[in-house]
Amino acid sequence: MAGTPEADAAERPIGVFDSGIGGLTVVRQLMARLPREHILYFGDTARVPYGNKSPETVTRFSVENTRFLLRRGIKYLVVACNTASATALPVLQRRFEIPMLGVIEPGVRAALAATRNRRIGVIGTIGTIASGVYERMILALQPDCAVVEAPCPLFVPLAEEGWTEGPVAEQVARVYLEPVIGSGIDTLILGCTHYPLLKEVIRRVCGPGVELIDTAEETVRMARLQLDQLGLLRGEG
């Protein structure tokens, strides 16, 4: 009911942060699936990328970003950065009481539901791949899966510069992806929220036999479910 603490909390915005513009792929999905919600996005363009920084540095940045958004009264936090989700999310969950969601678990669960031959590829930043978090979570849920991972560090600067199509993007994608595709995967997790901006190039290189898992889409599906369960979905009006 209007005027109750629950209703007041539901009116507050959803907070989202990433190292640059990549998290806007999550915001786009939030706007499409939760059009009544207020969204507050923080893109840390001053310190992008996070993927080549140490776990300690990424954790410090993530704590600062979370505090910045909490000061602005958010009701729910989406860590729209795979590197931060891999290295900092457990710290954020211990330190802050606000409900939050990273982007890794939703992508993993969608990939396991999609794969037919149980060979899953994961592409991400150097930091995300080095953490091993995707492989650990996939194997914890489905021990007989084979996981093939590859860092794609140039994808983030290409996305940030708007070079998401053309011969440069396609050549970089082929260098990164052909060894992964050659391993026989049938499912590929785009393990960075910048990567959906290059989805068409990635799709052409991978071909029709590989299903792409967009972590932004899957994260928003899970976020909507959690917000509903918590009674934090914004009402009509």
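Is Glu-11 buried, partly exposed or exposed? In this predicted model, local features need pLDDT of at least 70 and side-chain atom pairs count only at pLDDT 80 or more, whereas totals for chains, interfaces and linings use all residues. Residues are numbered from 1 along each chain as its sequence is written, and side-chain values use heavy atoms, with hydrogens and water left out.

The protein chain contains twelve helices and eight strands, where helices (H or I, at least four residues) and strands (E, at least two) are DSSP runs numbered from the N terminus. Its radius of gyration, taken over C-alpha atoms and compared with a globule rule of 2.2 Å times the number of residues to the power 0.38, is 18 Å, close to the 18 Å that the rule gives for 237 residues, so the chain is as compact as a globular protein of that length. Buried residues account for 52% of the 237 residues, buried meaning under 20% relative accessible area, exposed over 50%, and partly exposed in between, with a 1.4 Å probe and protein chains only.

The structure holds 16 salt bridges, each defined as a side-chain nitrogen of Lys or Arg within 4 Å of a carboxyl oxygen of Asp or Glu. In one of them, Arg-234 is paired with Glu-11, and the closest N and O atoms are 2.9 Å apart. This pair links distant parts of the chain, since Arg-234 lies in the segment after helix H12 (215-229) and Glu-11 in the loop between helix H1 (5-10) and strand S1 (14-18), 223 residues apart. Glu-11 is partly exposed, with a relative accessible area of 39%, whereas Arg-234 is buried, at 17%.

A salt bridge also joins the side chains of Arg-204 and Glu-165 (2.9 Å, N to O). Arg-204 belongs to helix H11 (residues 199-206) and Glu-165 to the loop between helix H9 (155-161) and helix H10 (167-182), so this pair ties together parts that are 39 residues apart in sequence. Arg-204 counts as partly exposed at 43% relative accessibility, and Glu-165 counts as partly exposed at 45%.

Within helix H12, Glu-218 and Arg-221 lie three residues apart, about one turn of the helix, and their side chains meet in a salt bridge (2.6 Å, N to O). Glu-218 is buried, with a relative accessible area of 18%, while Arg-221 counts as partly exposed at 37% relative accessibility. Elsewhere, salt bridges that share partners join Glu-165, Glu-170, Arg-174, Glu-178 and Arg-204 into one network.
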